[in-house]
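Hi everyone, thanks for coming. Let's look at this one together, starting with a sheet and then moving to the packing.

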Amino acid sequence: MTDLSMTKTPLLTVEHLTMRFGGLVANSDVSFVANNAEITAIIGPNGAGKTTLFNCITGFYTPTVGRLTLRHPDGKEFLLERMPGYRISQQASVARTFQNIRLFGGMSVLENLVVAQHNKLIRASGFSIAGLLGLPSYRKAESEAIDLAKYWLDRVRLLDFADWSAGNLPYGAQRRLEIARAMCTEPVLLCLDEPAAGLNPRESGELAELLTFIRDDHKTGVLLIEHDMSVVMRISDHVVVLDYGRKISDGDPAFVKNDPAVIRAYLGEDEDAELPAEVANDLPEVAQNDVKRAEEGA
Amino acid sequence: MTALSVSSPRSIAWPAILKEAAITAFVALLLTVPLVGLRTVDRPTGLGLETRWAEVAAAVGLVFLGRLGLCLIRDGQPTVVLVLAAAATAAGFLIQMPTEALRVILIAGGAIIAIRAAIAIRTGRSKLSQAERDQRMDRIAAKVQHASRWLGPIAVVVALAFPMTPLADRQLLDIGILLLTYIMLGWGLNIVVGLAGLLDLGYVAFYAVGAYSYALLAHYFGLSFWVCLPLAGLLAAGSGVLLGFPVLRLRGDYFAIVTLGFGEIIRIILVNWYQFTGGPNGISGIPRPSFFGVADFVRSPPEGTLAFHEMFGLEFSPLHRIVFLYYLILVLALVVNVFTLRIRKLPLGRAWEALREDDIACASLGINRTNMKLAAFAIAAMFGGFAGSFFATRQGFISPESFTFIESAIILAIVVLGGMGSQIGVVVATLLVIGLPEAFRELADYRMLAFGMGMVLIMLWRPRGLLAHRDPTILLYGRNGKGAGGAAAGTAAAGGQGIAGGRAK
């Protein structure tokens with residue numbers, strides 16, 4: 001926190017991102033910047049193209065048009081749209097969670113977090129050869145991996161459940177575990193797809209705390225899709241609003257909350273403003289007639 | 001006492017019961033008329049039909065009585081049924097039935113109904129619910145899994161000691177070799193199907209590649225078994241990679257279909273490329289293995305070479321080679337087992353299991369799915385290749401007939417029945433699938449019927465395999481620590497309801 005300009009460096013730059021599926025345009029010319037060690041929320045009504053945007057950033061889709069630049073704090077640059085899916089996590093250090101939780105349900109909680117450190121460990125295991133021979137270098141790497149897993153389990157209050165099957169955890173705990181698993185890959189950018197969905201108010205409060213902790217103490221950028229406005233407005237540093245695949249607003253939470261374009265997208269058009277003048281003038285009369293007719297009928 | 005409390009409240013509704021039994025008997029009639037009643041026989045005048053109505057009548061009668069027994073158990077008369085069913089079982093042993101198969105049906109059916117009746121008397125209920133049964137079976141599976149820690153070494157010691165016991169005659173040793181071959185193949189396929197979750201329907205292709213690698217290398221270049229064994233493994237692994245590259249991008253059913261096709265392609269190549277592979281005639285005179293290239297298992301060795309019995313100063317016995325083959329396949333199988341047990345605890349093995357659970361999540365964690373799957377494919381293929389070259393050297397003769405789809409299906413059945421990913425399950429399933437038909441050879445054609453019935457029953461009672469139970473590969477709190485209960489109870493549901501429930505919410 002000594003140098004504010006340090007934390008304000010852009011981490012992810014999205015430029016003119018367009019994603020088409022045949023005739024359907026899911027994202028159209030979306031551009032925004034997510035800064036390092038900030039929480040950037042992406043909000044918008046259902047079907048606005050938020051998850052598609054995420055899938056483009058995390059390599060599940062290749063965007064039709066556009067450029068996605070990820071700039072690590074140490075200066076390394078990655079063009080995400082040119083990387084195959086798994087490399088985005090492996091090399092560019094982008095981690096994500098899923099809207100419908102995707103844990104390894106049959107495996108234990110601890111195993112889930114160790115699998116997340118796969119790339120580190122498989123190198124340490126000499127692509128299994130050193131591991132098969134039981135060399136000490138691999139054992140050291142594994143115990144370090146377990147320590148990291150324990151750290152995050154402690155953070156998400158699941159340490160007591162380490163040996164449970166992930167699929168048997170309650171829903172809220174599964175959400176937290178998925179975040180812990182993503183953090184175990186030691187990302188610079190964490191993408192969370194509706195992490196508060198299905199959580200009760202107390203749980204979403206804890207989630208907000210966890211995300212601010214990740215931002216402040218790990219200096220990790222967080223990209224957040226969320227419908228729960230109480231969470232979004234409380235913790236976001238920056239909000240991007242999508243509607244029908246387009247960006248309609250972009251700014252800090254206070255600005256976005258009062259942006260007429262955003263209100264229109266969420267609450268619908270202001271009908272009076274849109275009606276032609278003569279119709280609008282007639283409206284009170286029509287309404288009175290209706291009332292009269294209703295009274296006569298009664 | 002419990003039996004009384006069950007029987008008192010309800011009177012027996014004879015018409016309903018008789019109707020139910022009659023319907024069941026009718027279904028049995030429909031099935032047995034074509035399956036049992038009619039039989040084609042080769043007559044000098046041409047193909048003729050033989051009818052066996054006595055057997056049909058007996059089978060239908062048995063089904064009628066069996067259903068009646070089950071209905072009576074349900075209606076609270078388990079004691080009577082128990083006595084009658086036990087009597088029927090005993091009668092099966094004593095009286096002569098029209099055919100051997102009917103006798104077996106009588107004994108087995110009587111025993112099953114007697115057991116049901118006994119359970120009903122003990123628990124006061126005619127039937128356990130599906131969930132209760134699952135829970136019980138899961139507990140048994142977990143116990144067996146834990147017991148395998150000491151049961152495994154005991155089994156290995158027994159297997160090692162077996163050829164030295166007086167029991168070990170030629171026939172039993174041959175059955176032992178056969179069982180161990182299938183156990184090895186099952187363990188090999190378990191890597192792909194059980195750990196990585198890739199449904200491979202063409203595993204026998206790699207078995208064939210291994211067998212033909214050795215046979216052809218020995219035939220054309222005169223290479224010995226000990227040189228060819230690693231080569232066969234490498235070639236099989238190579239063919240696994242070759243197949244894997246284009247195929248691994250496919251998922252689920254599509255993947256299964258392509259592997260099925262690959263298995264057939266290999267077989268058809270072997271049949272049609274007769275200039276090289278000998279075609280349908282196969283390759284004969286494949287050299288037998290030597291004692292690690294040092295001594296041969298022959299009575300009178302050629303000049304300048306050593307015979308096994310001379311080397312150890314023993315009396316010559318043709319059994320020596322069989323015993324050696326037995327130990328060879330035992331060691332090969334154990335290598336596969338140890339490898340699998342170890343790899344499960346390494347990043348590669350954990351990545352396989354993670355791929356089986358959710359491969360999209362794996363991609364999001366930066367796991368190179370293609371490489372991981374290729375590794376699983378190649379390693380399993382290598383073990384298949386080892387088994388294949390063992391098969392070639394044991395038989396001394398191979399032909400494409402040995403590598404048909406049914407072999408793949410049997411190996412897959414072993415893995416699935418045993419419980420995917422369970423090493424001990426493979427052993428148990430091999431004993432059931434290969435051992436039982438061998439033991440009941442006198443049943444002739446009916447053993448396949450019994451085999452099919454066994455499969456159906458297992459799929460009904462235990463769809464995820466007999467011993468499907470997964471132990472975590474690392475435990476933070478040890479075996480009996482915090483959450484051990486949760487984990488044990490958890491694995492049971494994790495395969496199905498656990499995940500489904502979690503996602504559905």
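Two strands count as paired if DSSP finds at least two bridges between them, and helices (H or I, at least four residues) and strands (E, at least two) are DSSP runs, numbered from the N terminus. This is a predicted model, in which local features need pLDDT of at least 70, side-chain atom pairs count only at pLDDT 80 or more, and totals for chains, interfaces and linings use all residues. Residues are numbered from 1 along each chain as its sequence is written, with chains lettered from A and ligands numbered from 1 in the order in which they are written.

So, chain A. Strand S3 (residues 39–43) runs parallel to S8(A), and four bridges join them; there, Thr40(A) has Leu223(A) as its bridge partner. Strand S7 (residues 189–193) of chain A is also parallel to S8(A), through five bridges, and Leu190(A) stands opposite Val222(A).

How many of the five residues of S8(A) are buried? Five of five, where buried means 20 or more other C-beta atoms within 10 Å of the residue's own, C-beta atoms being placed from the backbone. Gly221(A), Leu223(A) and Ile225(A) cover one side, Val222(A) and Leu224(A) the other.

Now the packing. A nonpolar core is a set of buried Ala, Val, Leu, Ile, Met, Phe, Trp, Tyr and Cys residues joined through C-beta atoms within 7 Å. The largest has 183 residues, and Ala180(A) and Ala376(B) are among those touching the most other members. Helix H16 (residues 369–395) of chain B gives the largest share, 15 residues. A second, separate core of 25 residues includes Ala21(B) and Ile73(B).

Notes. Buried ≥ 20, exposed ≤ 12 C-beta atoms within 10 Å, placed from the backbone.
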